Amino acid sequence: METPGVFILARWIARLVGLLVLLPFRFPVAVGTVAVSAAVWHVFGWVALAVVWTIADIGLLVWWRRWPDAFRHCVALRALAAWRWVWVYWRHWQPVLVVAGLAESYQERQYLPRIRRVACSAWSDRVRVRLVAGTAPADVEQRVTELAHGFGAPSCRVTVLDARDVVLEFPRFDTLAKPIGALPVPRHVDLAALPVGKREDGEVWRLRLHGTHVLIVGVTGAGKGSVIWSAIRAMLPAIEDGTAEVWAIDPKRMELSYGRALFARYADTGETAVDLLEAAVATMQDRAARYAGRQRVHVPTVEDPFVAVVVDEVAFVTAYHPDRDIRRRAENALATLTSQGRSVGVSVLAALQDPRKEVLNLRNLFPDKIALRLDEASQVDMVLGDGARERGANAHLIDPDLPGVAFVRLEGSPVPVRVRAAFVSDDDIDAMTAEGVA
Ligand SMILES: Nc1ncnc2c1ncn2[C@@H]1O[C@H](COP(=O)(O)OP(=O)(O)OP(=O)(O)O)[C@@H](O)[C@H]1O
């Protein structure tokens, strides 16, 4: 049965009235400005309106020059948000969501998630969305690539606020497109928050090393070396004063040999690597025996320094080495270190190219993982845990021209964050070695 035209017309009129009633609540400043301008023009004429606008513009100009941050926060970003709400999201909402498969139908009516708010930060748009009853946030998480393409953004990330409210975050441009030079060496070393790069939101990316173990995964050329070197650089003052030590395993003899003078121990063959790992286990067990019943947390001192066991290409000793005995001993030592070393100040920072289980059985013993550029989509969840790719951690799509870009999970949040490691050049390492040795 066809719906009579009069009902369709009535529905459109009702929607228009609803929109007009809601408009002042959604865009109070814009509606207020138009209303006041219309009132001034109506009562005093256009000359008065021009004077009011000129005064307002001068006021805004002074505000912008005098308090640029406040102006940006209160005026510029809000105006941008209103513009993008209407021009980007509201205009394309229906076609993009229908094509992405997020529109639901019931009794021949189409139901779409509703935009509740759009807010802009300096680098991204945050679109708060109310989902259609009966759908789940996971449905949106599975369509992040389509949504990003649909709204012309480089990526899309989903934050779930509650069962029916989600925030879609669309970056407007890539804040990590330019390489980041080596960060300044911190004066006071916080081993639980070493500055190693930049986050997509402009904040410093800090890496916890004390009290955890970190696995860096990425294809060759993805920039694993820059994460390792940035972490070592951030520890430099502690290495100098003897409260931290780096024990390095460098099977490729390329990455770490350059800064050899900074390391308390160094190994570059299968045999010496296993000796080093077993020595770390012995240190760990000695501390555990001494601390038993007396102290539960390790505090780095010159007597008991924090030991960072840095392994470049850990699969060399656990999977690729031709000697079975070396592989077995290395795996045992790594398993012991990663399962017991945290509380006694022995941490492992390991790099790995291939995250498949057969290559490294110990993957899950590393509480913190960093996903640089990966080969396959299926590897993302292997590294960052289930659901990471659905939440937008497309590490397999990282541009090969952006080495050092990675996805990580920060403490206390399941949402993966895009980061870029600072690049520590050979000259920087030379300077560090000179300082460290001095
Ligand atoms: N954070 C970074 N920022 C900018 N450029 C970088 C960064 N990291 C690495 N690069 C560039 O990419 C190149 C390859 O990086 P690197 O050797 O660290 O990769 P890798 O993942 O360690 O590779 P492999 O597994 O082959 O050792 C470097 O020579 C450097 O030019």
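Modeller: The domain bounds used here come from an automatic or database domain assignment, and the model itself is predicted. On that basis the chain is divided into domain 1 (40-171) and domain 2 (194-437).

Colleague: How far apart are the centres of domain 1 and domain 2?

Modeller: Taken over C-alpha atoms, the centres are separated by 40 Å.

Colleague: What makes a contact here, and how many residues does each domain give to it?

Modeller: Two residues are in contact if their C-beta atoms lie within 7 Å. The contact takes twelve residues from domain 1 and eight residues from domain 2. On the domain 1 side, α5 (137-141) and β5 (157-162) each supply at least two residues, and β5 gives the largest share, three residues.

Colleague: What makes a set of residues a nonpolar core?

Modeller: Its members must be buried and joined through C-beta atoms within 7 Å. The largest such core has 85 residues, of which Ala231, Val310 and Ala371 touch the most other members. Helix α9 (residues 270-291) supplies the largest share of this core, seven residues.

Colleague: Which residues come nearest to the ligand?

Modeller: Of the 15 residues around the ligand, these are Thr220, Gly223, Gly225, Ser226 and Gly404. Helix α7 (residues 224-234) provides the largest share of the shell, three residues.

Definitions and conventions: Residues numbered from 1 in each chain as written. Predicted model: local features only at pLDDT ≥ 70, side-chain atom pairs only at ≥ 80, totals over all residues. Near = placed C-beta within 6 Å. Helix = DSSP H or I, 4+ residues; strand = E, 2+ residues; numbered from the N terminus. Buried ≥ 20, exposed ≤ 12 C-beta atoms within 10 Å, placed from the backbone.
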